[in-house]
Amino acid sequence: MNIGADIDKNLGVAELAELFGGSPDEVSRWCAPFLDAFDFRYTELAGAERDAMLLEAVKRLEPNAVSVAGQGRKPDWEAGWSENLTEFLAGGHQLDALVPKYIRPNEVVRLFGQYARPRAPHFIRNYTKTYRAWLAQRFFADAAAIYEFGCGPGSHVAYFAETFPEKPVVGLDWAAASVNIMEAIAGHYGWKVSGHRFDFFAPDHGIRLPEGTAVLTFGALEQVGTNHGPFLDYLLANKPLRCVHVEGINELYDEENLLDRLALRYHQQRNYLSNLLTRLQELEKAGRVVIESVHRQRFGTRFNDTFSHVVWRPA
Ligand SMILES: C[S@@+](CC[C@H](N)C(=O)[O-])C[C@H]1O[C@@H](n2cnc3c(N)ncnc32)[C@H](O)[C@@H]1O
């Protein structure tokens with residue numbers, strides 16, 4: 001019996017809208033070029049293949065199976081973004097050279113609570129591009145400037161700069177290589193891009209956000225564990241238009257769902273972002289912030305969901 005034939009699926013406009021937390025009309029309009037260009041078909045894993053993936057996930061929860069986020073990982077990020085910088089310069093400034101190396105082709109993903117094998121090798125990269133197009137129009141179109149903190153190799157910075165050529169787009173990261181990439185992007189493409197060193201653990205309050213700035217973190221606050229207080233204080237002091245965090249958000253997992261529980265344990269094992277949403281809800285109760293949107297995105301890489309969002313602004 002060919003089980004796979006029964007569970008071939010596709011992400012069309014309706015499914016992408018549900019995943020992103022928007023309307024089908026928005027997805028049709030804002031993501032149009034990507035909808036035509038990319039193949040979003042996939043097959044849900046079943047039987048032995050699903051068991052093998054579950055086993056992989058369980059192995060990641062064993063002692064010392066994964067690297068732990070925090071101060072000690074700074075040299076790894078520096079080395080990773082240096083590699084991207086070298087390729088970007090050597091390969092004629094191709095924007096796909098700015099995609100992080102940990103986004104690998106041909107990997108299983110998690111969709112709607114199931115493991116899935118995509119047809120297209122670059123499904124994760126293509127999905128990210130499509131989601132980012134929606135995100136840009138939904139939360140950044142009305143901003144005077146865009147600041148991405150923890151911008152890494154700058155693929156989002158480049159996209160925002162190309163999409164909104166009139167807006168200054170600033171990429172900030174604690175890795176020097178990342179700032180060098182921002183300079184290389186600006187130099188080659190002539191976009192309004194600049195870069196700054198910035199450490200979530202010790203924010204430089206000398207870096208002021210211009211009025212009307214929208215802030216983005218994309219899989220970056222992930223790296224701070226419970227230590228998001230200094231960055232929230234920095235943001236509150238700067239009164240941005242809004243802050244958009246696209247991150248794995250621990251409070252949004254369902255402990256009674258098998259894949260969710262494995263993802264949450266993985267998230268904890270890696271010391272990923274913890275209780276940011278809870279803290280924002282406390283601040284909202286105290287009248288200091290307004291939470292504009294919270295959405296659990298039921299898409300993830302093999303071991304966790306990293307595309308959920310919380311959007312807020314100072315009250
Ligand atoms: C998973 S990468 C995401 C990069 C980028 N946002 C993207 O989506 O391609 C995490 C980023 O956070 C940065 N980072 C980690 N800890 C940081 C800290 N304490 N201060 C500033 N940046 C940090 C890393 O250097 C890295 O660029």
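# Helix packing and ligand contacts in a predicted model

The crossing of helix H7 with helix H8 is right-handed.

**Helices H7 and H8**

- Helix H7 covers residues 123-139 and helix H8 covers residues 155-163, and their axes, which come within 11 Å, cross at roughly 50 degrees.
- Because an angle counts as roughly parallel only under 35 degrees and as roughly perpendicular only from 65 to 115, H7 and H8 are oblique to each other.
- On the H7 side the contact is made by Thr128, Arg132, Ala133, Ala136 and Gln137, while H8 contributes Ser155, His156, Tyr159, Phe160 and Thr163.
- Sorted by class, the residues in this contact of H7 with H8 are four nonpolar, five polar and one charged.

**Helices H6 and H9**

- Helix H6 (residues 74-90) packs against helix H9 (residues 176-189) at an angle of about 20 degrees, and their axes are 8 Å apart.
- Since angles under 35 degrees count as roughly parallel, H6 is described as roughly parallel to H9.
- The crossing of this pair, H6 and H9, is left-handed.
- From H6, the residues Glu78, Trp81, Ser82, Asn84, Leu85, Phe88 and Leu89 meet a set in H9 made up of Ala176, Ala177, Ser178, Asn180, Ile181, Ala184, Ile185 and Tyr189.
- In terms of class, the contact between H6 and H9 holds ten nonpolar, four polar and one charged residues.

**Helices H5 and H11**

- The axes of helix H5 (residues 47-59) and helix H11 (residues 258-269) cross at roughly 30 degrees and come within 10 Å.
- This angle makes H5 roughly parallel to H11, and H5 passes H11 in a left-handed crossing.
- Arg50, Leu54, Ala57 and Val58 in H5 meet Leu258, Leu259 and Leu262 in H11, and by class this contact has six nonpolar, no polar and one charged residues.

**Around the ligand**

- There are 21 residues around the ligand, and those that come nearest are Trp81, Gly150, His156, Asp173 and Phe218.
- Trp81 also belongs to the H6 residues that meet H9, and His156 is one of the H8 residues in the contact with H7.
- A polar backbone atom of Gly150 lies 2.8 Å from a nitrogen atom of the ligand.
- In the side chain of Asp173, an N or O atom is 2.6 Å from an oxygen atom of the ligand.
- For Trp174, a polar side-chain atom is found 3.1 Å from an oxygen atom of the ligand.

Methods:
Residues numbered from 1 in each chain as written. Predicted model: local features only at pLDDT ≥ 70, side-chain atom pairs only at ≥ 80, totals over all residues. Heavy atoms only, no water. Axes fitted to C-alpha atoms, helices over the stretch in contact; angles between N-to-C directions. Helix = DSSP H or I, 4+ residues; strand = E, 2+ residues; numbered from the N terminus. Parallel < 35°, antiparallel > 145°, perpendicular 65-115°, else oblique. Left-handed = near helix turned anticlockwise from the far one by under 90°. Contact = heavy atoms within 4.5 Å. Nonpolar A, V, L, I, M, F, W, Y, C, P; charged D, E, K, R; others polar. Near = heavy atom within 4 Å. Polar contact = N/O pair within 3.5 Å; in protein donor to acceptor, adjacent residues only side chain to side chain.
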